[in-house]
Amino acid sequence: MSKETIRVPDVGSSDPVDVIEVSVKKGDSVEAEDTIVVLESDKASVEVPCPKAGTVLELLVKAGDRVKEGDPLLELDTEAGDGGTEDDQSSGDEPENEPAAEKDQSGDNEQGGKEEKAEPKADEKPAKKESGGTREETIPAPDLGDIDEAEIIELSVSEGDTVEAEQTILVLESDKASLEIPSPAAGTVKKLLVKTGDKITSGTELMVLETTGGGEDESSDDQPAEETSGDSKPGGSKSGGSKSGESESGGSGPAREASSTQDSGGIGEHPAKSGAAAAGRPSRNVHAGPAVRKLARETGVDLGAVPPSGPKDRILKEDVHAHIKQRMEQPAAAGGAGAPDLPEIDFSEFGPVERDELNKLRKVAARNLHRSWVTIPHVTQFDEADITELEAFRKSQNKALEKEGVKLTMLAFLVQACARALRKFPRVNSSLEPSGEALILKDYVHIGIAVDTPNGLVVPVLRDADKKGLSQIATEIGELAAKARDRKLSPADMKGASFSISSLGGIGGTAFTPIVNWPEVAILGVSRSDTKPVWDGNAFQPRLMLPLSFSYDHRVIDGADAARFTTYLSGLLGDMRRALL
């Protein structure tokens with residue numbers, strides 16, 4: 001076993017920084033360049049990579065600790081044949097950082113040829129084009145420290161834009177961090193020399209900036225260009241640029257690579273949005289690490305709209321996921337949340353048309369149904385129940401109850417059977433927490449009954465269905481249906497359902513896929529019963545079969561459980577005496 005101590009590398013600051021995240025735990029196997037901790041100063045966050053592959057023997061820090069360069073982070077059992085020695089590691093990763101220090105003092109870059117490429121560019125451009133009180137200046141990429149190459153993931157400005165000094169002009173991304181490049185001076189963008197997706201190094205020309213000024217300003221701006229050909233001041237930009245650019249890019253190491261994540265950063269949101277977000281920037285200043293910014297960019301999230309939960313108002317990955325979930329659950333526009341805007345079509349071009357404004361009920365129902373459809377992973381289980389005997393019993397009981405004014409419908413039997421089944425399968429009678437972390441199991445059975453009215457679909461709720469007999473259930477269903485048709489349902493009449501039934505048996509059809517009524521996790525669809533030949537083991541017998549369509553939230557209910565639920569329900573409808581067991 002080769003035990004090595006992994007220490008804090010050069011983070012570009014002598015002041016202690018916070019350990020805000022420990023990405024590994026004791027016993028973990030890590031690869032070279034895997035992130036082991038995330039450090040944060042007042043201005044930047046940096047993901048510290050493991051310099052070697054191995055197994056974590058011991059963690060020497062925890063989230064909330066403050067560390068500085070050279071402090072131990074963890075003990076690592078390195079793999080056989082891994083490059084480097086223990087001395088290399090225990091000395092604060094000096095081999096990795098020496099080239100950067102060398103480069104700061106002499107202007108030489110450990111990348112060799114890359115520095116030579118940068119210098120001619122610096123020599124070619126000193127001819128700043130002057131016109132009256134303005135001049136054009138080519139803005140190069142600042143010193144990127146020990147980054148070999150970085151990709152431009154966002155351009156925050158366009159040709160013709162007016163920019164202020166220190167305003168972000170583009171965002172770079174390496175394997176471990178993102179870096180926001182500021183404009184070294186105020187002016188107008190005359191020409192962009194790079195585009196999104198380009199890979200650049202220190203000194204790569206980024207854009208031509210037209211600035212105003214003269215006299216002292218010009219002489220001070222010329223000074224960094226002279227430094228590029230020879231002795232560069234420690235921490236200065238080795239490829240030229242203004243002094244304001246020099247101070248921004250001063251020093252080397254991953255802390256500067258991560259940049260100030262509090263500045264307006266480079267994550268865009270949905271393409272349909274405009275303003276800063278459309279330009280690839282959050283709509284406000286945010287504090288987030290590279291991995292979070294990458295996640296936001298990939299999912300089209302505006303980080304400016306994400307509430308932070310991390311230390312010092314830092315946005316975490318969990319915050320982005322929660323924001324996406326919340327956005328999906330919000331009422332959707334006609335085109336659908338997250339869907340591209342639909343083009344306007346003039347249908348009158350093709351013939352006579354009439355516009356029929358949707359009433360409020362239908363608009364609300366449309367939003368609710370869409371929310372359920374896009375947030376719940378739907379699956380529908382189909383089954384049939386043999387209701388031959390049940391239908392004969394229903395007809396006989398109706399004759400006996402006729403004097404009492406009670407009419408038993410098949411829906412009343414369905415409600416009673418579902419109430420029994422929901423007690424048998426409590427997960428079907430639950431709701432999923434918005435966080436997705438737990439189920440809310442309900443110790444009550446309130447069943448929503450979908451009612452078709454001239455004004456649209458409504459779902460009044462029959463409460464405590466498991467505690468009521470058939471006659472009471474049938475009576476209350478009739479009363480709720482009458483109130484629905486007369487538009488006399490109160491808000492309380494339509495709240496609190498734990499399960500819903502949608503019956504189309506009186507209209508027709510053989511099966512359908514009902515949409516789960518969120519926050520419920522399941523709904524039963526019932527179609528028209530039909531007489532079919534059923535094999536009884538000896539011969540085909542005519543049996544009255546009732547089609548069942550059971551839609552459910554697959555996050556809560558597995559397919560096997562759904563099949564058990566419909567099988568149990570079918571058994572109850574086939575012989576209601578089982579409900580007494």
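H11 and H12 pack at an angle of about 120°, and their axes are 9 Å apart. This is a predicted model, so please keep that in mind throughout. On the handedness, H11 passes H12 in a right-handed crossing. From H11, the residues that make the contact are Leu 411, Ala 412, Phe 413, Val 415 and Gln 416, and from H12 they are Leu 470, Ile 473, Ala 474 and Ile 477. By class, that contact holds eight nonpolar residues, one polar and no charged.

Now the other partner of H11. Helix H13, residues 559–574, has an axis that comes within 10 Å of the axis of H11, and the two cross at roughly 135°. The crossing of H11 and H13 is right-handed.

The residue list for this contact is as follows. H11 brings Phe 413, Leu 414, Ala 417, Cys 418, Arg 420, Ala 421, Leu 422 and Lys 424. H13 meets them with Phe 565, Tyr 568, Leu 569, Leu 572 and Leu 573. Eleven residues of the contact of H11 with H13 are nonpolar, none is polar and two are charged.

On to the pockets. The largest pocket holds about 1100 Å³ of space. Its lining has 38 residues, and nearest the centre lie Asn 368, Leu 457, Val 458, Val 459 and Met 494. Which elements each supply at least two residues of that lining? They are helix H9, 360–375, strand E23, 456–458, and strand E25, 499–503. H9 gives the most, with eight residues. In the lining of the largest pocket, 22 residues are nonpolar, nine polar and seven charged.

The second largest pocket holds about 840 Å³ of space. It is lined by 33 residues, and Leu 411, Ser 503, Leu 504, Gly 505 and Gly 506 are the closest to its centre. Elements giving two or more residues to this lining include helix H10 (388–401), H11 (410–424), H12 (470–485) and strand E28 (540–553). E25 is on that list as well, and it also lines the largest pocket. The largest share comes from H12, with six residues.

Key: Residues are numbered from 1 along each chain as its sequence is written. This is a predicted model: local features need pLDDT of at least 70, side-chain atom pairs count only at pLDDT 80 or more; totals for chains, interfaces and linings use all residues. Side-chain values use heavy atoms; hydrogens and water are left out. On a 1 Å grid over the protein atoms alone, a cavity is a set of points where a 1.4 Å probe fits but cannot get out, and a pocket is an open set with protein on both sides within 12 Å along at least five of seven lines; lining residues have an atom within 4 Å of a point. Grid points are joined across faces, edges and corners, and a volume is the space filled by probe spheres set on the points. Helices (H or I, at least four residues) and strands (E, at least two) are DSSP runs, numbered from the N terminus. Ala, Val, Leu, Ile, Met, Phe, Trp, Tyr, Cys and Pro count as nonpolar, Asp, Glu, Lys and Arg as charged, and the others, Gly among them, as polar. Axes are lines fitted to C-alpha atoms, for helices over the stretch in contact, and angles run from 0 to 180 degrees between N-to-C directions. A crossing is left-handed if the near helix is turned anticlockwise from the far one by less than a right angle, and right-handed if clockwise. Contact means heavy atoms within 4.5 Å.
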